[in-house]
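Hello,

Here is the structure I promised to pass on. Please open it first, then read my notes below.

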Amino acid sequence: MKKLDKKAQEQYTGGIKNFCSRQEHRRMGQATRTTKLALSLDKRDQGGANSEKCALLDATVQVLTQARTFYIDLFLAHADKLAERVAYYSEKHAEMRERAISANELLTWAEACTVETQEHPHPWPGWNFTEAFPALPFVYRRSVIKDAIGKVRSYLSNRANWQKSGKKKGRPGLPGGANHPTLYEGAFSLELDGLDRRKTFVRLKVYTGQHWKWVNYPVTYSRYFEQRRTEPGWEEHSPKLVLGKHAASLHVSQTKEVRAKKIIESKRSPDLVTVAVDLNVKNLAVITVRQRAAIIETVFVTDHGLDQQRYRHLKRIAKKQWQSGKPVKEEHSNQQLWRHVRRMNEDAAHKVARRIAQVCARYPGCVLLFERLRKIKPKGASKSRRMNRRQTNQLRGKITRYAREKAYTIGTVTAEVNPHGTSQYCSRCGSRGERFSLRDGKRIQVKWGNLFCCPVCHYEANADWNASVNVHHSFFGEWHWQPRLKRSG
Ligand SMILES: [Zn+2]
């Protein structure tokens with residue numbers, strides 16, 4: 001078997017953690033996904049019946065941010081505590097050993113210093129949490145302490161790395177208290193009854209400004225949500241309350257243990273199926289499936305005019321910016337149009353990614369192939385065209401990321417291959433070819449023509465399809481995609 005260059009063997013998984021087990025030649029990992037459950041709230045500016053309930057959510061998030069800040073300050077003031085080593089007896093080695101202090105031990109320590117209990121009736125002066133936040137439910141308190149530990153730990157390690165680097169720029173900023181609150185048991189409950197909308201709600205413990213009480217919030221129930229929640233193999237974690245400017249929702253994250261073969265192992269099988277994706281503008285994705293050197297399936301995913309539509313919107317945005325004469329501050333001008341454009345992109349990315357994952361699902365044990373994304377700086381042309389190119393590049397990145405994640409949940413591993421020349425070479429004989437378009441039945445040679453023609457073997461094909469087939473060649477190191485010889489000296 002030919003060796004690939006190192007970068008082509010890079011493997012990607014959707015999860016946070018993964019580890020190898022040598023005996024099994026399998027890669028264990030964890031796939032994660034998030035499902036959103038929207039709370040149905042009336043529009044705030046219209047002062048609907050729910051405006052009071054919205055205010056309660058705001059007040060809750062606010063007081064939790066203050067509580068989190070309290071504990072961030074505590075841990076920053078006692079940074080040495082986080083670095084503490086704890087002695088313990090190791091059964092395995094039959095001796096005393098040392099380890100880093102755990103998050104749970106830090107939590108217990110923080111509570112002992114700051115919370116009035118029978119055992120600790122006098123919290124540290126200046127750090128009396130019970131006094132500062134009377135009656136704050138203990139589940140919320142623990143949730144903000146855990147957040148604070150995470151934030152301060154990551155700040156301290158970033159700062160240490162920065163100091164080690166010796167750079168002057170890029171000093172990490174102090175952690176802030178804002179966060180989406182995590183809802184542990186005791187702070188929320190879901191009452192979902194698909195048949196009766198009145199019985200479909202989420203119960204949340206919220207802050208009124210004086211005290212804490214339970215309030216029911218209606219939710220937009222969907223079968224999609226229920227189906228994902230109850231899907232076997234997925235473990236559900238505590239949801240996060242995400243409060244936006246215009247909406248509120250619960251984000252429920254789930255994880256799944258995934259076993260997938262390592263790519264290097266898969267490659268040994270002569271029956272290996274590879275699914276290659278070429279990402280383009282009009283054809284958002286051209287998916288080709290190859291087994292035993294033959295293409296056995298092709299799927300074209302077109303953009304249904306997305307590029308044109310987006311271009312029109314961006315033209316309007318560019319015009320408005322020009323008229324108002326303001327500097328380009330994308331987030332602040334034309335907010336609504338930008339939001340719309342972003343949503344269009346997000347939507348398209350998920351749809352294309354789903355199509356790719358569906359193809360992978362038909363070939364268990366297959367390997368999904370993408371080209372490593374090139375960073376092309378949009379230049380020339382009009383401003384709106386440049387903005388549109390930038391959006392296209394972002395869309396490609398999103399499709400790759402989402403497809404990789406979705407495929408991984410069904411055990412498909414993704415590899416990125418060297419993109420060099422995939423659109424210029426003949427997928428049949430490997431010679432350098434030309435791209436052209438047909439206009440009034442005549443061939444016109446253009447750099448980005450939609451057709452490909454090989455001068456050597458006279459092969460003609462759709463240019464994007466040709467590129468997609470070349471992705472397989474790149475993966476297997478065939479023809480001019482030879483491994484690079486190491487230069488000596
Ligand atoms: Zn050819």
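**Salt bridges and charges**

R99 is partly exposed, because its relative accessibility is 28%. Here buried means under 20% relative accessible area, exposed means over 50%, and partly exposed is in between (1.4 Å probe, protein chains only). Two notes on the source: this is a predicted model, in which local features need pLDDT of at least 70 and side-chain atom pairs count only at pLDDT 80 or more, while totals for chains, interfaces and linings use all residues. Residues are numbered from 1 along each chain as its sequence is written, and side-chain values use heavy atoms, with hydrogens and water left out.

Back to R99. Its side chain meets that of E105 in a salt bridge, at 3.0 Å from N to O. The term means a side-chain nitrogen of Lys or Arg within 4 Å of a carboxyl oxygen of Asp or Glu. E105 is partly exposed, given its 28% relative accessibility. R99 has a second contact: its charged end sits over the ring of Y88, 5.7 Å from the ring centre. For that label, NZ of Lys or CZ of Arg must be within 6 Å of the ring centre and within 35 degrees of the ring normal. K267 does likewise with F475: the charged end of K267 sits over that ring, 4.3 Å from its centre.

How many salt bridges does a search of the whole structure find? It finds 18. Side chains of opposite charge can pair when their charged atoms come close.

Look next at E297 and R362. Their side chains form a salt bridge, 2.5 Å from N to O. E297 lies in strand β14 (residues 294-302), and R362 lies in the loop between α9 (335-361) and β15 (367-371), so the pair ties together parts 65 residues apart in sequence. Helices (H or I, at least four residues) and strands (E, at least two) are DSSP runs, numbered from the N terminus. E297 is buried, at 18% relative accessibility. R362 is partly exposed, at 48%.

K351 and D347 form another salt bridge, with their closest N and O atoms 3.4 Å apart. Both sit in helix α9, 4 residues apart, so about one helical turn separates them. K351 is partly exposed at 49% relative accessibility, and D347 is partly exposed at 42%. There is also a network: salt bridges with shared partners join E111, R141 and R142.

**Zinc site**

Which residues are the protein donors of the zinc ion? They are C426, C429, C454 and C457, each through SG, and they lie 2.2 to 2.4 Å from the ion. Donors are N, O and S atoms within 2.8 Å of the metal (3.2 Å for Na, K and Ca); water is not among the atoms, so sites may look incomplete. In sequence, the donor residues are spaced C-x2-C-x24-C-x2-C.

The 4 donor atoms subtend angles of 104 to 112° around the zinc ion, so the arrangement is tetrahedral. Four donors get that label if all angles lie between 85 and 135 degrees. C426 is buried, with a relative accessible area of 0%. C429 is partly exposed, at 30% relative accessibility.

**Aromatic pairs**

Rings of Phe, Tyr and Trp (its six-membered ring) pair if their centres lie within 6.5 Å; planes under 30 degrees apart count as stacked, over 60 as edge-to-face and the rest as tilted. By this rule there are 11 aromatic pairs. Take F70 and F133: their ring centres are 6.1 Å apart and their planes are at 90°, so the pair is edge-to-face. This pair links distant parts of the chain, 63 residues apart. F70 is in helix α1 (residues 51-77), while F133 is in the loop between α4 (129-132) and α5 (138-165). F70 is buried, at 13% relative accessibility. F133 is buried too, at 11%.

Y207 and W212 have ring centres 4.9 Å apart and planes at 40°, so that pair is tilted. Both of these residues are buried. One aromatic cluster is made up of F70, Y71, W127, F129 and F133.

**Backbone**

Most residues other than glycine have a negative phi. A94 has a positive phi, near 50°. A94 is in the loop between β4 (85-90) and β5 (95-100). H458 is not a glycine either, and its phi is positive at about 60°. H458 is in the loop between β19 (451-453) and β20 (460-462). H458 is exposed, at 63% relative accessibility.

Best wishes

How values were computed
Tetrahedral: all angles 85-135°; square planar, octahedral: opposite > 155°, others 65-115°.
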